[in-house]
Each structure stands twice: as C-alpha cells, then as structure tokens.
Amino acid sequence: MQYQVEKDEKFMQLAMTEAQKASNIGEVPIGAVIVKDNEVIASAYNLRETEQRSIAHAELLAIDEACRKVGSWRLTDCTLYVTLEPCAMCSGAIVLSRVERVVYGAFDPKGGCAGTLMNLLEDPRFNHQAAVTPGVCEEECGTMLSAFFRDLRRKRKEEKQRSSIIENQKET
C-alpha cells in the first residue's frame, strides 16, 4: 500500500509540473499525465485560453496524446493523474477511452464529476468504470489553483483601477 501511495505522489508531482507550465502562460494551472506500466506515455496542461477551445482541458489533451502513442482509443491498463478533479466532459472522455484508474489532487466543488457533484467515473450504468483515488497531493494542488486565482483577481482589480484613473484624466 505504501508503494502505491509513493508512486501516486511521484506521478502527481509530474502532473503539478505540467500545471505550472499552464500557470506560466496565464492558463488555469491544471496538469495531467497518463501512465502505463509505470511509465509516462502522455502529459499535458490546460490550454483553453491559449487555443480558445473549450475542449483544451489537460485531461483531454493527455488522452489524445496517449491514444496516438498506444495506437488505440482504448487506454486500458492506464492511470490518469490530474491536479484537479475531472469535470463532466473530461469524465466522459475518461470513461469512453477506458482509462483504468484516475488519481486527482484538488476537489472541484463547482464542477467535479469524480465524486464531488457526482461520480461519472464509477457509475455502474456505464459500460466502463474507472477506479478513483481522490486527494493525492491535495494541498499542493489546491494551493497552486488558489494562488493563481488570487493573483488573477488582483491583476483584474489593478487593471480596473488603472482604467478608472485614465478615464478620470480624460474627463479633466
């Protein structure tokens, strides 16, 4: 059991490295890696703003890369590590691609579909279920997201204040 915890933490650290790449370019810091036979076969980070595509979530980008690597849409015997609990769209893709297991860091109280709002991944009504391990490196993943949004709110407030000052100067 301890070996599994250490392995999960090791791969979650790699997902957090991907999330940091997203943060560095102004994207919400969500990262994902897919592992097969203890080897990373795909990694990705959120690119929704950069690509202006609603489907450019880290999980979907990683699933797409992994499918190309294994030469199949079936990702059996694969584990997906992601820094934030998957949303409905990503959970659907995980089920449809037959990912065996999902390990996530932070819970998503507004959109989480791997146990928070609902659990699409383990729903027996689907023809495939993925085992879920929540909360791995939860504090680090959550802190990264909280810091990003705190900084974003601060920047928006500063921009609004600058705009207000410029507008007032134009009026005088």
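In the predicted model, Ile34 is in contact (heavy atoms within 4.5 Å) with Glu39, Val40, Ile41, Ala42, Ala62, Ile63, Ala66, Leu75, Cys78, Thr79 and Leu80, leaving aside residues up to four places away in sequence. Residues are numbered from 1 along each chain as its sequence is written. Local features need pLDDT of at least 70 and side-chain atom pairs pLDDT 80 or more, whereas totals for chains, interfaces and linings use all residues, and side-chain values use heavy atoms, without hydrogens and water.

Ile34 and Met12 have the most contacts inside the largest nonpolar core, which has 49 residues. Such a core is a set of buried Ala, Val, Leu, Ile, Met, Phe, Trp, Tyr and Cys residues joined through side-chain atoms within 4.5 Å, where buried means under 20% relative accessible area (1.4 Å probe, protein chains only). Helix 3 gives the most to this core, seven residues; helices (H or I, at least four residues) and strands (E, at least two) are DSSP runs numbered from the N terminus.

Helix 3 has 13 residues and reaches 18 Å from its first C-alpha to its last, close to the 18 Å expected at 1.5 Å a residue, the expected span being 1.5 Å times one less than the number of residues. Its buried residues are Ala58, Glu59, Leu60, Leu61, Ala62, Ile63, Ala66 and Cys67. Their cover includes strand 1, strand 2, strand 3 and helix 4. Just after helix 3, Gly71 takes a positive phi of about 75 degrees.

How values were computed. Buried < 20%, exposed > 50% of the residue type's maximum accessible area, 1.4 Å probe, protein only.
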